[in-house]
Amino acid sequence: MDSSESPTETKKTKSKTPRKNKETVLKQKSPAEFFAENKNIAGFDNPGKSLYTTVRELVENSLDSAESISELPVVEITIEEIKKSKFNSMIGLIDCERVDAELYDDYETEKAREKRLAKEARAQEIQAKNAALGKKVKETPASKGIRGRGEASFYRVICKDNGKGMPHDDIPNMFGRVLSGTKYGLKQTRGKFGLGAKMALIWSKMSTGLPIEISSSMRNQSYMSFCRLDIDIHKNIPHVHVHEKRENKERWRGAEIQVVIEGNWTTYRSKILHYMRQMAVITPYAQFLFKFVSDAPEKNVTIRFSRRTDVMPPVPLETKHHPSSVDLLLIKRLIAETSKQNLLQFLQHEFVNISKSHAERLIGEMGPDFSPKMALKSLTPQQLVRIHQLFRQAKFDDPNGHCLSPAGEYNLRLGIIKELHPDMVATYSGSAQVFEGHPFIVEAGVSIGGKNVKQGLNIFRFANRIPLLFEQGADVVTRTALKRINWSSYKINQLQDKIGIFVSIVSTKIPFKGTGKEYIGDDITEIASAVKYSIKQCCVQLKSKIVKKMQAREQQERKRNLSKYIPDATGAVYNVLKDMAETQLHASKKFRYGDDDGELLRKVYENLITKETLSEKLAKHVEQVDYEMALEYATQSGVSEEPRETIYIKPLETENKIIDLHSPFFVFRMFH
Amino acid sequence: MAESSKKRRRTNTDDLPFKNKLKPDSAILQTLKDFSTSFSSSSSSSKTLTLQDLSLPFSCREVSDLSLSSVQSNIESLVLRIAHSILSGNGFAFDVPSRAATNQFYVPELDRIVLKDKSSLRPFANISTVRKSAITARILQLVHQLCNKGIHVTKRDLFYTDVKLFQDQIQSDMVLDDVSCMLGCTRSSLNVVAAEKGVVVGRLIFSDNGDMIDCTKMGMGGKAIPPNIDRVGDMQSDALFILLVEKDAAYMRLAEDRFYNRFPCIIVTAKGQPDVATRLFLKKMKMELKLPVLALVDSDPYGLKILSVYGCGSKNMSYDSANLTTPDIKWLGVRPSDLDKYKIPEQCRLPMTEQDIKTGKDMLEEDFVKKNPGWVEELTLMVKTKQKAEIQALSTFGFQYLSEVYLPLKLQQKDWL
């Protein structure tokens with residue numbers, strides 16, 4: 001954490017006032033300051049992760065924006081690498097040459113250089129030796145110069161979408177004020193804290209000091225808003241540089257956000273690409289274009305994740321609170337915000353699963369001090385506690401999952417097929433269940449095979465339709481897949497097969513663990529059992545397919561597998577026969593064997609029966625058995641292949657006796 | 001010199017716990033002699049039962065030692081039958097006796113496991129048995145070759161003749177047992193032996209392939225038990241009992257302390273699970289010398305399991321249990337009740353794992369345990385206390401505690417079950 005660098009006033013005073021505490025100054029911290037100091041909470045732990053989180057926040061905002069107007073999302077994301085010199089010129093700083101080399105951390109002393117050169121020479125020698133021996137030469141990593149601390153790399157992240165856009169006047173507050181957002185209601189949302197792009201702005205302010213640039217246009221707007229702003233961290237208010245309306249010739253609608261931040265592409269490249277790929281899996285109805293641009297053309301990346309469907313899950317609805325999920329503070333807030341006057345109406349309308357009669361019963365249960373018609377404003381704090389207690393103890397129906405918007409089996413399946421191209425895939429969508437008053441839905445997909453899939457278990461986790469990439473080990477999905485599923489009972493080889501496991505959980509409140517909101521704990525039985533059940537359901541579907549496939553393969557390979565052992569078996573039999581025949585010759589006088597056997601041995605001795613004769617006969621037998629088995633297989637499996645449809649064939653020569661029923665749209669023809 | 005050093009050692013150990021309970025060696029010897037004579041007289045009077053003496057409700061499969069030529073002719077007739085079958089276009093199949101657990105039966109009268117006569121067909125033209133039947137044919141051929149030449153090879157040798165087919169020694173070993181079962185002869189009659197594993201030391205003289213061996217003069221390590229029992233003969237001994245030891249370490253202690261000179265005995269170990277040769281040797285000793293057998297095993301379920309293999313045979317080799325089992329083995333130690341009796345400190349006892357406890361409970365259901373109420377009591381105690389201990393736990397009182405105090409005291413008290 002390099003938060004000590006943040007030029008906050010509080011920090012400075014703190015560090016300057018030692019323990020003497022002449023006077024303890026009561027300081028207040030703005031939300032922006034809090035997040036600037038604790039940026040790891042929002043996923044800005046280090047430059048690399050900050051780049052990753054910036055990308056994901058922008059992408060998720062874009063998806064939300066497009067989905068909110070039921071528009072199929074098109075998101076273009078570009079990361080542009082900015083060299084240090086270019087960056088300096090951007091901010092108007094002149095490059096300085098190092099004069100006193102020893103001043104720097106990455107200064108190489110004489111001893112260190114000798115050591116390094118010796119090491120490199122040794123490495124070269126080994127390589128030359130290997131090359132001489134014809135071994136595959138391993139690409140030795142080019143000896144990197146020691147990277148100093150100051151050697152930061154900067155990136156411009158541009159995200160462009162076709163979403164709703166933003167109202168011209170709201171733009172400064174939407175970006176320049178932390179903890180102000182449009183997504184704070186009780187509904188399934190992608191965002192984590194309502195930080196989104198604001199956190200990226202704080203990070204850009206901390207690392208580069210450059211402002212954020214926003215262009216946006218809404219439907220039926222003749223102009224395009226352009227805004228360049230940064231944030232006043234202490235006051236938590238936007239600091240606007242430019243805010244103007246520009247011409248919008250192309251009638252473009254959407255938003256484009258540009259931010260320049262410090263980052264680390266090298267270490268987080270794979271994470272960012274994984275994120276994009278998994279996002280494409282869970283949102284197959286969106287089109288993504290991801291570009292990485294730098295000065296070195298070989299490092300450039302362009303990936304298009306194209307749209308495969310135009311079926312979009314419905315927009316998640318905002319819902320009311322479930323009585324068993326509210327706390328005292330929330331009750332107070334709801335009372336303050338509600339338009340309802342009396343207690344009965346409040347209970348009936350501000351919560352789910354409380355009907356009028358139910359509300360009356362509840363009020364009766366609260367005690368003699370309560371009455372249905374009593375004014376909300378007159379409730380004492382004690383009475384509020386009583387309501388809260390009753391909410392905790394009383395039994396309510398579970399909330400239904402109507403307010404949730406799961407990806408849907410269709411989309412999940414399509415996404416998996418689109419991005420992984422597996423050999424087999426099965427999906428399952430569970431019904432809504434409840435954890436602490438919040439409904440949740442678990443959907444799962446299991447795939448076998450595919451391209452770019454490692455052997456073993458590949459776990460893809462999604463929460464509220466965003467991929468979770470970090471802290472996989474403790475997650476409920478990982479634990480379940482590793483420990484609680486007996487893969488072999490589904491004829492799946494846990495180590496050898498390429499297994500993809502996709503679990504998507506949606507809820508009005510995902511019970512994340514840890515500060516980073518990167519995983520769902522394994523201690524919630526409701527979720528754990530729902531995850532297990534969903535995965536198992538997928539496996540059951542797969543099992544029948546796998547068994548069929550195995551049988552088919554066995555059919556194909558039976559003959560080959562049987563024939564493989566013919567030489568071993570006949571060789572063994574023939575050798576014994578030959579030994580016997582020879583011994584018989586030596587003891588020719590004695591007649592040890594019966595007529596048939598004697599005849600057989602004579603033939604062996606006279607080479608009339610050889611190993612080949614035996615092999616031929618056995619091969620014939622194998623062929624016959626194989627044929628019979630194949631026939632049996634065909635009779636057994638052929639019938640049950642697919643359900644047959646009844647078809648009706650019109651007789652050729654009979655007179656057509658028909659009645660046509662005409663309507664403006666169709667004709668209904670009846671045959672006699 | 002040796003005598004004096006031994007004496008010094010003994011004086012040092014005077015303060016060992018329970019040492020004072022020991023009577024002079026002569027008294028212990030007398031008890032042992034009485035026991036031994038009563039044992040041999042009782043065992044000589046009762047004739048050993050065979051399967052034929054009992055009228056069991058089902059038929060059993062037993063094998064016997066066959067001569068080389070009869071093994072050879074058995075193989076030959078089998079091969080001829082197969083050859084005819086192949087030539088007539090019917091492929092071939094082996095009829096292999098099943099050695100599955102369901103086909104095993106414990107006969108309390110005989111005190112050993114026997115094999116019932118269920119068998120399974122092993123056709124060549126079936127994907128699940130093709131491999132096994134090919135291996136069976138190959139093993140038959142190899143054994144036939146051995147019979148022709150009249151030589152012995154080890155199981156390892158056999159495996160290496162066709163590594164490509166057998167792939168792994170477990171497979172060739174399994175089929176070898178199948179073959180001996182199929183031909184109705186013991187595995188030793190096939191001229192295939194396992195590598196030497198067991199060792200014997202003590203008051204025993206026998207001939208090995210014509211050479212006389214005196215097991216008191218075999219140094220510390222003792223004499224390796226010959227893999228093929230048919231070359232062993234002329235057993236003589238003045239021992240009063242046979243001491244069966246589970247572990248190599250305990251065996252070494254007893255051999256080095258020359259325990260067999262203080263109390264005339266024969267000490268045998270197979271270093272863990274016993275192999276066929278050791279079991280045959282023990283059986284032969286017991287039959288010819290008419291000596292009681294006392295066992296010293298770990299106080300854990302596996303110790304008892306090893307005891308059971310000596311006593312009533314393993315399931316894998318049940319077809320030959322008549323030759324391999326030594327009935328009436330006494331459990332001398334280390335028994336679960338000894339842990340408290342000899343005040344073995346807590347730190348030398350180990351907690352039993354889940355698996356141990358499960359094995360222990362399973363064994364309580366086994367017939368060979370149930371027939372001996374003393375064993376049931378001991379095993380119940382073990383499962384209840386959930387503690388196990390190895391023979392080496394006795395070393396906590398000194399390395400020689402086993403040979404100086406524990407065993408003599410046990411013998412003096414006739415503390416065996």
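Predicted model: local features only at pLDDT ≥ 70, side-chain atom pairs only at ≥ 80, totals over all residues.
Good morning. Let me begin with one residue: Phe92(B) has a relative accessibility of 5%, so Phe92(B) counts as buried, the limit being under 20%. Phe94(B) is buried too, with a relative accessible area of 1%.

For Phe92(B) and Phe94(B), the ring centres are 5.6 Å apart and the planes stand at 80°, so the pair is edge-to-face. An angle of over 60 degrees is what places a pair in that class.

Another edge-to-face pair in chain B is formed by Phe206(B) and Phe281(B), at 5.4 Å from centre to centre and with 70° between the planes. Phe206(B) belongs to strand 9, residues 205-208, while Phe281(B) belongs to helix 10, residues 276-289, so this pair ties together parts of chain B that are 75 residues apart in sequence. Phe206(B) and Phe281(B) are both buried.

Chain B contains 17 helices and 18 strands. Of its 417 residues, 56% are buried. If we take the contacts in chain B with a separation of 6 or more, 77% of them are between residues 24 or more positions apart.

Which residues does Asp177(B) contact, leaving aside neighbours within four places in sequence? They are Arg99(B), Arg187(B), Asn316(B), Met317(B) and Tyr319(B). Met317(B) is 140 residues from Asp177(B) in sequence, yet the C-alpha to C-alpha distance is 7.6 Å. The side chain of Asp177(B) also makes polar contacts: with the side chain of Asn316(B) at 3.5 Å, and with the side chain of Tyr319(B) at 3.0 Å.

Next, helix 8 of chain B, which covers residues 248-256. The buried residues in this helix are Ala250(B), Tyr251(B), Arg253(B), Leu254(B) and Ala255(B). What do they pack against? Their partners in chain B are strand 8 (199-202), strand 13 (241-245), strand 14 (265-269), helix 9 (259-262) and helix 17 (401-412). Just after helix 8 of chain B comes Arg258(B), with a positive phi of about 50°.

We turn to chain A. Chain A has 672 residues, of which 44% are buried, and it contains 18 helices and 18 strands. Among its contacts between residues at least 6 apart in sequence, 74% join residues at least 24 apart. Chain A also holds an aromatic cluster, made up of Tyr52(A), Tyr268(A), Tyr275(A) and Phe470(A).

One further residue of chain A deserves a moment. Gln555(A) is found in helix 15 of chain A. Its relative accessible area is 18%, so Gln555(A) is buried, the limit being under 20%. Not counting residues up to four places away in sequence, Gln555(A) touches Asp626(A), Met629(A), Ala630(A) and Tyr633(A).

Finally, the interface. How many residues of each chain are in contact with the other? The contact involves 29 residues of chain A and 26 residues of chain B. About 2600 Å² is buried between chain A and chain B, and carbon and sulfur atoms give 78% of that area. Between the two chains the count of salt bridges is 0, while 5 residue pairs are in polar contact.

Which elements of chain A give two or more residues to the side that touches chain B? They are helix 15 (525-564), helix 16 (566-586), helix 17 (595-605) and helix 18 (611-639) of chain A. Helix 16 of chain A provides the largest share, with 10 residues. By class, this side of chain A has 17 nonpolar, 4 polar and 8 charged residues.

How values were computed
Residues numbered from 1 in each chain as written. Chains lettered and ligands numbered in written order. Heavy atoms only, no water. Contact = heavy atoms within 4.5 Å. Buried area = accessible area lost by both parts, 1.4 Å probe. Salt bridge = Lys/Arg side-chain N within 4 Å of Asp/Glu carboxyl O. Polar contact = N/O pair within 3.5 Å; in protein donor to acceptor, adjacent residues only side chain to side chain. Helix = DSSP H or I, 4+ residues; strand = E, 2+ residues; numbered from the N terminus. Nonpolar A, V, L, I, M, F, W, Y, C, P; charged D, E, K, R; others polar. Buried < 20%, exposed > 50% of the residue type's maximum accessible area, 1.4 Å probe, protein only. Phe/Tyr/Trp six-rings, centres within 6.5 Å; stacked < 30°, edge-to-face > 60°.
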